[in-house]
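Welcome! Take a look at the sequence and the structure below, and then we will walk through a few of the features together.

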Amino acid sequence: MNRSLAFLVLIPLVAACSSGDDANTSVDTSAAASVTTTPPVAVEAVDDASVNIADFMFVAAEVRINVGGSVTWTNADDQPHTATSSGNFDAGAIDPGQSSTVDFPTAGTFTYVCSFHPFMTGTVVVD
Ligand SMILES: [Cu+2]
C-alpha cells in the first residue's frame, strides 16, 4: 500500500523535473491533472492487525480494523514501550521481544502514544 502511494506521489515530481529540464515552455499538465483527480487509496480494514515497534516508531503508524477486531503490538526495540490512548485503551508496558493485544469492540478513531516516549504516535481506526 505504501509503495503504491509513493508511486502516485512520484508521478508529478517526475513530470515537474522533466518539464524543468525541457526548454520548451509549453507544459503538458494532463498527467498531473489525472493524478490529482485520482481518489485517495483507502486502507482496507482487516479483522486483526499487527503493529511492530522498532526504532521508537509504530509501524505501521496507522492501522484499520473491523469492529470487534484486535491489534497486536510487538516490541522489537531494546526498551519497553506502551500503546496508550488516554480514556480508550492501554496495551500496557511491553518489554523487548514481547507482544500485547487489545480488542476493539466499538468503532472510532483512536490516536495513541507510548507513555514512556510520547513523541511515538499511532492511530487505530475501527470501522
Ligand atoms: Cu516507548
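Strands here are DSSP runs of E with at least two residues, numbered from the N terminus. This is a predicted model, in which local features need pLDDT of at least 70 and side-chain atom pairs count only at pLDDT 80 or more, while totals for chains, interfaces and linings use all residues. Residues are numbered from 1 along each chain as its sequence is written, and side-chain values use heavy atoms, leaving out hydrogens and water.

**The copper site**
- The copper ion has His81 (ND1), Cys114 (SG) and His117 (ND1) as its protein donors, 1.9 to 2.1 Å away; donors are N, O and S atoms within 2.8 Å of the metal (3.2 Å for Na, K and Ca), and as water is not among the atoms, sites may look incomplete.
- Along the chain, the donors follow the spacing H-x32-C-x2-H.
- His81, in the loop between β3 (62-75) and β4 (84-85), and Cys114, in the loop between β7 (108-113) and β8 (121-126), link distant parts of the chain, 33 residues apart.
- His81 is buried at 0% relative accessibility, and Cys114 is buried with a relative accessible area of 0%; buried means under 20%, exposed over 50% and partly exposed in between (1.4 Å probe, protein chains only).

**Around Val59**
- Val59 sits in strand β2 (residues 57-59) and is partly exposed, with a relative accessible area of 43%.
- Beyond its neighbours within four places in sequence, Val59 is in contact (heavy atoms within 4.5 Å) with Ser50, Val51 and Asn52.

Notes
Helix = DSSP H or I, 4+ residues; strand = E, 2+ residues; numbered from the N terminus.
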